[in-house]
Amino acid sequence: MRPALLFALLTGGSALSLPALAALPIDRDTLQGWLQRDTSPLLLDLRSRSEYDSGHLPGARPLSGPLPVTDALKGMQQRPVVLYHSRDQALDGMEESLERAGFEKVYHLHGGWQSWLAADLPVEHFR
């Protein structure tokens with residue numbers, strides 16, 4: 001159960017008045033630790049395809065345009081999802097799309113791609 005929903009129910013608030021899921025921030029150091037686990041999060045790169053091709057987080061999937069949840073992400077709803085863009089741009093409603101598809105653990109990389117690069121963390125290039 002989402003923490004906000006649990007809080008609303010425990011405090012007598014209405015679950016119907018809750019805002020749509022907002023992606024929680026995750027810092028680059030925490031994300032790097034997650035990537036070293038056996039079950040790493042699903043990384044979704046929201047930048048353009050050419051930006052993705054020039055370099056992306058290790059294991060990230062490109063996702064520019066509408067979210068093809070029924071195809072590309074089917075069966076992955078139990079994994080945490082980390083969204084990222086160039087900096088801290090708007091996520092273009094991706095968090096709501098993921099929630100409707102059954103994802104409950106949705107995060108966004110604080111500082112985005114530029115933060116990851118600034119820390120000189122591992123990068124993959126499209127081959």
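The following questions and answers explain how terms are applied to this predicted model.

Q: What makes up the overall pattern of the chain?
A: The chain contains six helices and five strands. Along the sequence they follow the pattern α-β-α-β-α-β-α-β-α-β-α.

Q: What is the order of the strands in the open sheet, and in which sense do they pair, parallel or antiparallel?
A: The five strands are arranged in the order β1-β5-β4-β2-β3, and the pairing is parallel. In general, strands of a sheet are paired through backbone hydrogen bonds.

Q: What makes β1 and β3 edge strands?
A: Each of the two, β1 (24–26) and β3, pairs on one side only.

Q: How do you know that β2 and β4 pair?
A: Pairing requires at least two bridges between two strands. β2 and β4 have four bridges, in the parallel sense, and therefore they count as paired. Within this pairing, Leu42 stands opposite Val81, and Leu43 stands opposite Val82.

Q: How do you know that β2 and β3 pair?
A: β2 and β3 (residues 61–62) are joined in the parallel sense over two bridges. The requirement is at least two, so the pair qualifies.

Q: Which elements make a right-handed β-α-β unit?
A: The unit consists of β2, helix α3 (residues 49–54) and β3. The term right-handed is used because, with the strands pointing away from the viewer, the path over the helix runs clockwise.

Q: What makes both faces of β2 covered?
A: Leu42 and Leu44 lie on one side, Leu43 and Asp45 on the other, and all of these are buried. Buried means under 20% relative accessible area.

Q: Which residues touch the most other members of the largest nonpolar core?
A: They are Leu42, Leu44, Leu73, Val81, Leu83, Leu98 and Phe103, in a core of 15 residues. At least two residues of this core come from each of β2 (42–45), β4 (81–84) and α5 (94–100). Apart from it lies another core, of 14 residues, including Leu31, Ala60, Val82 and Tyr107. In soluble globular proteins, nonpolar side chains tend to be buried together.

Q: Which residues is Leu42 in contact with, leaving aside its neighbours within four places in sequence?
A: Leu42 is in contact with Arg61, Leu73, Met76, Arg79, Pro80, Val81, Val82 and Phe103.

Q: How many aromatic pairs does the structure hold?
A: The structure holds two.

Q: Why is the pair of Trp34 and Tyr107 called edge-to-face?
A: The ring centres are 5.1 Å apart and the planes stand at 85°. Trp34 belongs to helix α2 (residues 28–35) and Tyr107 to strand β5 (residues 106–109), and the two are 73 residues apart.

Q: Why do Trp34 and Tyr107 count as buried?
A: Trp34 has 16% relative accessibility and Tyr107 has 18%. The limit is under 20%, so each falls within it.

Q: Why is the pair of Tyr84 and Trp113 called stacked?
A: Their ring centres are 6.3 Å apart and their planes are at 25°. Planes under 30 degrees apart count as stacked, and the centres are within 6.5 Å, so the name applies. Tyr84 is in strand β4 and Trp113 in helix α6 (residues 112–118), so the pair ties together parts 29 residues apart in sequence. Tyr84 counts as buried at 1% relative accessibility, and Trp113 is buried at 7%.

Q: What lies over the face of Trp113?
A: Arg47 does, at 4.3 Å from the ring centre. The limit on that distance is within 6 Å.

Q: Why does Ser86 count as buried?
A: Ser86 has 11% relative accessibility, and the limit is under 20%, so the residue counts as buried. Ser86 lies in the loop between β4 and α5. Leaving aside neighbours within four places in sequence, Ser86 has contacts that include Arg47, Glu51 and Trp113.

Q: Why is Asp120 called exposed?
A: Asp120 has a relative accessible area of 69%, and exposed means over 50%, so the term applies. Asp120 is in the segment after α6. Its phi is near 55°, a positive value in a residue other than glycine.

Notes: Residues numbered from 1 in each chain as written. Predicted model: local features only at pLDDT ≥ 70, side-chain atom pairs only at ≥ 80, totals over all residues. Heavy atoms only, no water. Core = buried A, V, L, I, M, F, W, Y, C linked by side-chain atoms within 4.5 Å. Buried < 20%, exposed > 50% of the residue type's maximum accessible area, 1.4 Å probe, protein only. Contact = heavy atoms within 4.5 Å. Phe/Tyr/Trp six-rings, centres within 6.5 Å; stacked < 30°, edge-to-face > 60°. Lys NZ or Arg CZ within 6 Å of the ring centre and 35° of its normal.
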